Amino acid sequence: MNPDNPVVRLCVQGMEAETRGDDAAARRLFVRAWETAADDYEACVAAHYVARHQLTARATLDWNAECLRRAELVADERVRGFFPSLHLNMARAHQELGDRDSAREHFRQAARRLADAPPGPYGDWGRYAVAEGLRATGGGADGRDERLRELLTGLCARADLVPLALVLPAFVGDLGTDDDRVRLLTALGMLHAGRRLPAAEQESLGGIIASLRASADV
């Protein structure tokens, strides 16, 4: 985004106010950004931030819907990377209102657009949030071996960071696709081949891998 754009500049000031804990000032700045917006792109940017400071779940949903609508009207490279986040915000707003089906559909749409998100921590965070939302609404990976959760809990308890760094990204970011299952199996296979776990955990890991492979073949 162009930092010299007046709407962007107001939104940056609003985020700085948020950082200071001054939500009232942040909200005023975001509303000013909305009132300043001269086209759909600027309105999309402003609506995203206005949505963050609504007092009700319904108002939050309405502003997120307006933000998504404006992005769809722009429909060019300026907003392409916004869509995973916009659908994620819509999904969370529907969740807050208890509309599980609508939430699940927006989580799925966010998942389909994840490739458009900027690479790096921002994109990773979006994937993890979408995967969590899909699991919560019945649209993602389910029935994963409980032994895997127990294994990861044990690794966390003793802060065994190298195995965690290898497995957690694939586990937490599992969207339930075939590619995600392969990614998880690959990480688990590498950990098993390294033979760095205690004997009981090593044996359990072998069983986890066998179970995941068997379910993939069903």
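Student: Why is F82 called partly exposed?

Tutor: In this predicted model, F82 has a relative accessible area of 22%. Buried means under 20% and exposed means over 50%, so F82 falls in between and counts as partly exposed.

Student: What makes Y41 count as buried?

Tutor: The relative accessibility of Y41 is 10%. The cut-off for buried is under 20%, so Y41 counts as buried.

Student: How do you know that the rings of Y41 and F82 are stacked?

Tutor: Two values are needed. The ring centres of Y41 and F82 are 6.4 Å apart, and a pair requires centres within 6.5 Å. The planes of the two rings are at 20°, and planes under 30 degrees apart count as stacked. The pair is therefore stacked.

Student: Which parts of the chain does the pair of Y41 and F82 link?

Tutor: Y41 is in helix α3, and F82 is in the loop between α5 (77-80) and α6 (83-96). The two residues are 41 residues apart, and the pair links distant parts of the chain.

Student: How many aromatic pairs does a search of the whole structure find?

Tutor: The search finds 3 aromatic pairs. One of them is formed by F30 and Y49, at 5.0 Å centre to centre with 25° between the planes.

Student: What makes the pair of F30 and Y49 stacked?

Tutor: The angle of 25° is set against the limit of under 30 degrees for stacked planes, so the pair of F30 and Y49 is stacked.

Student: What does the pair of F30 and Y49 tie together?

Tutor: F30 lies in helix α2 (residues 23-36) and Y49 lies in helix α3 (residues 40-51), so the pair ties together parts that are 19 residues apart in sequence. Both F30 and Y49 are buried.

Student: Which residues make the contact of α8 with α10?

Tutor: Y128, A131 and R135 of α8 meet P169, F171 and V172 of α10. By class, the contact has 5 nonpolar, no polar and 1 charged residues.

Student: Why is D180 called buried?

Tutor: D180, in helix α11 (residues 178-194), has 2% relative accessibility. Buried means under 20%, so D180 counts as buried.

Student: What does the side chain of D180 reach?

Tutor: The D180 side chain reaches the backbone nitrogen of L175 at 2.9 Å.

Methods: Residues numbered from 1 in each chain as written. Predicted model: local features only at pLDDT ≥ 70, side-chain atom pairs only at ≥ 80, totals over all residues. Heavy atoms only, no water. Helix = DSSP H or I, 4+ residues; strand = E, 2+ residues; numbered from the N terminus. Buried < 20%, exposed > 50% of the residue type's maximum accessible area, 1.4 Å probe, protein only. Polar contact = N/O pair within 3.5 Å; in protein donor to acceptor, adjacent residues only side chain to side chain. Contact = heavy atoms within 4.5 Å. Nonpolar A, V, L, I, M, F, W, Y, C, P; charged D, E, K, R; others polar. Phe/Tyr/Trp six-rings, centres within 6.5 Å; stacked < 30°, edge-to-face > 60°.
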